[in-house]
Each structure stands twice: as C-alpha cells, then as structure tokens.
Amino acid sequence: MAKEKKVQSEGVKLDMTPMIDVVFQLIIFFVVTLKQEDVLSKLDAMAPAPDPNAKPEEQENLTLITIDIYNPAKNAGEGFLFNKRAVTLKQLDDEIKRAARNNKNSSVLLRCTKDSPHSVLIKALDVCAKHGMTKLAIFSI
Amino acid sequence: MAKKKKIAGEGVDLDMTPMIDVVFQLIIFFVVTLKTADTINPDIVLEYGKNGPILKKDELKVPPVTIEVKRYTAPTKWLADNGWSLGPVISVNGAKTSESQLTALLRNIVAHRGKNVPILIRADKDARHEDVRKVMNICASVGIWQVSFLAMVTPGDSAK
C-alpha cells in the first residue's frame, strides 16, 4: 500500500500570541514615555535704539507709561506700580488696555528693582503684549 | 523488512519565538531610551505668558542662542532669611558659564554669525531681575539687541 506523501507545510501553525504580547507592550511603553513638549512664547526684552531720522511729529504724540516692578515679598501688593500707583495684575491689565485704546505707540517704561522676581516682569510684559504695546524699555533701578 | 533510516535532527524543535521577543524588546528599549545630552536645565520653571508670539524655532531665520538663568534658593526659610543662596546660575546648552565666559562666547558668535543672532533668555520665574540683567548687559555689550524672554503658553510634562 502506497503511503500518503506528507505535505511539507502541513501542521505548521503561526502562533500570534507572542507577537500580540510584544505589540501591546510597545504600545504601552510609547504611551507612557511620550513626552509632551512645552509650547513657549517669546516676549521682547530689548529693542534697538529708535530711528534718529523719525519724523518729529510722530514723536510728539508719544506718551510715557511707567510700570514699576518690585519684589512683592518685601512690600505689599502684587509687585506692580502703574504710574507710581500700586495696582493688582487685573488693574494693570485694565490700565494698559485703556492706554492702548488711546495710543498703542505709547512708550512703556518698565523699571525693575534688583531683587524683583522675573515672574513679575514676565506678567507685566505679557499684559503689554496682550494689548499690543510694543514700545517697551526695561530699566533696572 | 528494512529499517527506516533516522534523519539527523529529526524531532529537535527549537522555538525561536521567545528569543525574537526578547531581542525586539531590547532593541526597542535601547532605541527609545537613547538620549542625547540634555541641553536644557530641567530645574527651570517658566512663568506663564500666553499673549506673546509663539516661539517656532524652525521659522527663525537665524538659529537662536538660548541662555538660561536660574537662582537656586535656600532649602529652608531660616537660611533664606539669613541671606543664604547659591546665587544665580547662568548656563548655555546645559553648561554652566561665568559672565566672562558668556561674554567670550557671545563675542565669538557675533564674529561668526553677525549681530542678528536672536537671544532667548530662559529665566526661572524665581530668578531675580539683577540675574537676568547681567545677561542682558552682556548681550548689549557685544552688540546683540534681539533679546527675548521665554514664557510658557501651555505646560508639557516638564512643568512643575
């Protein structure tokens, strides 16, 4: 009696279980180690000297706003003086908004004490950026 | 009746699956954990400032130089009240630099790339203004005027 010829691939099974295990492990690994990158903004700190050839009538319209930045840990308040008047961040926002409505080209003078935290300056610059005030000058006192 | 000749290797069953599993896991592990040297100081916490223009480094014509400023504060209030502080730490690309080194570095950058190099100051929110001012003065002394402060718009995982 002739024997039945054995087919070569008969009985070869591909076990998918380990592959699925590995794929799941990879997915979990990547999800856990995925690091979201910070979105950053940039606030201009210095500007080149103004154009000496600028028309004099443009300069005449400029008004000067002074924001003093101090260390709130040493004095009361949130660290801001708007035209020498202590204000909160919300009040500063309102004042800058009002000033921007009148003239966006007004110069804003930010005078910082040496020990003032950088965060207070950033908050003030952020408020200026919010209302489109771009003529800024930062001084140390 | 003739005996069936035994084929060499018959019945030896080497299961490669666990080995492949392990090799794959190792490869992936090393690829993922391979990390180039840190170029930013992870201790720096930025203040929020969502109204400034969003920083897109790819869109800058000249690659910026990021200078980091961090002031390590005293671990206890008593030490802080008594004036204990490690002082400001200025670093560029994760490497601590002194003021003279920073001046030399920026002079070198200006000599090679011109004065239009944008400087991004990544200062910790607790850094003092005098610390940041030092960096600004150095930039001004070498003729760089494009100086900006970095602020956080949305926090990633590094935000504390």
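Here are some questions and answers about a predicted model with chains A and B.

User: What share of the contacts in chain A, between residues at least 6 apart in sequence, join residues at least 24 apart?

Analyst: Chain A has 141 residues, and 24% of them are buried. For contacts between residues at least 6 apart in sequence, the share that joins residues at least 24 apart is 73%.

User: Now the two chains together. Which element of chain B gives the most residues to the side that touches chain A?

Analyst: On the chain B side, 42 residues are in contact with 37 residues of chain A. The elements of chain B that give two or more residues to that side are α1, β4, α4 and β5. By class, the side has 22 nonpolar, ten polar and ten charged residues. The top contributor, with eight residues, is β5(B).

User: Which residue of β5(B) is the bridge partner of A:K42?

Analyst: Strands β1(A) and β5(B) run antiparallel and are joined by six bridges. Within that pairing of β1(A) with β5(B), the partner of A:K42 is B:L150.

User: Which strands sit at the edges of the open sheet of six strands?

Analyst: The order across this open sheet is β1(A)-β5(B)-β4(B)-β1(B)-β2(B)-β3(B), and the pairing is mixed. From one strand to the next, the twist averages 40°. An edge strand here pairs on one side only, and that picks out β1 (39-44) of chain A and β3 (95-97) of chain B.

User: And inside chain B, which residue of β5(B) is the bridge partner of B:I121?

Analyst: Strand β4 of chain B covers residues 119-123, and strand β5 of chain B covers residues 147-154. The two pair in the parallel sense over three bridges. In β5(B), the partner of B:I121 is B:F149.

User: How are the two α1 helices arranged, parallel or antiparallel?

Analyst: Helix α1 spans residues 17-33 in chain A and residues 17-33 in chain B, and the two axes come within 10 Å and cross at roughly 15°. Angles under 35 degrees count as roughly parallel. So α1(A) and α1(B) are roughly parallel.

User: Which residues of α1(A) make that contact with α1(B)?

Analyst: The crossing of α1(A) and α1(B) is right-handed. On the α1(B) side, the contact is made by B:T17, B:D21, B:F24, B:Q25, B:I28 and B:V32. Counting by class, the contact has seven nonpolar, four polar and one charged residues. From α1(A), the residues are A:P18, A:V22, A:Q25, A:L26, A:F29 and A:T33.

User: At what angle does α4 of chain B run to β1(B)?

Analyst: Helix α4 (residues 129-141) of chain B lies across β1 (65-72), β2 (87-92), β4 and β5 of chain B. The angle to β1(B) is about 155°.

User: How far apart are the axes of α3(B) and α4(B)?

Analyst: Helix α3 (residues 99-113) of chain B passes α4(B) in a right-handed crossing. The contact is made by B:E99, B:L102, B:T103 and B:L106 of α3(B) and B:K134, B:I138, B:C139 and B:S141 of α4(B). In class terms, that contact of α3(B) with α4(B) has four nonpolar, two polar and two charged residues. The helices pack at an angle of about 35°, and their axes are apart by 9 Å.

User: Is A:K84 buried or exposed?

Analyst: A:K84 lies in the loop between β3 and β4 of chain A, and its phi is near 70°, a positive value in a residue other than glycine. A:N83 is in that loop too, with a positive phi of about 45° although it is not a glycine. A:N83 has 13 C-beta neighbours inside 10 Å and counts as partly exposed. A:K84 has 8 other C-beta atoms within 10 Å, and 12 or fewer counts as exposed, so A:K84 is exposed.

User: Beyond its neighbours within four places in sequence, which residues is A:L89 in contact with?

Analyst: A:L89 lies in helix α3 (residues 89-102) of chain A. With 15 C-beta neighbours inside 10 Å, A:L89 counts as partly exposed. Setting aside the neighbours within four places in sequence, the contacts of A:L89 are A:E78, A:F80 and A:K123.

Methods. Residues numbered from 1 in each chain as written. Chains lettered and ligands numbered in written order. Predicted model: local features only at pLDDT ≥ 70, side-chain atom pairs only at ≥ 80, totals over all residues. Axes fitted to C-alpha atoms, helices over the stretch in contact; angles between N-to-C directions. Helix = DSSP H or I, 4+ residues; strand = E, 2+ residues; numbered from the N terminus. Parallel < 35°, antiparallel > 145°, perpendicular 65-115°, else oblique. Left-handed = near helix turned anticlockwise from the far one by under 90°. Contact = placed C-beta atoms within 7 Å. Nonpolar A, V, L, I, M, F, W, Y, C, P; charged D, E, K, R; others polar. Buried ≥ 20, exposed ≤ 12 C-beta atoms within 10 Å, placed from the backbone. Pairing = 2+ DSSP bridges.
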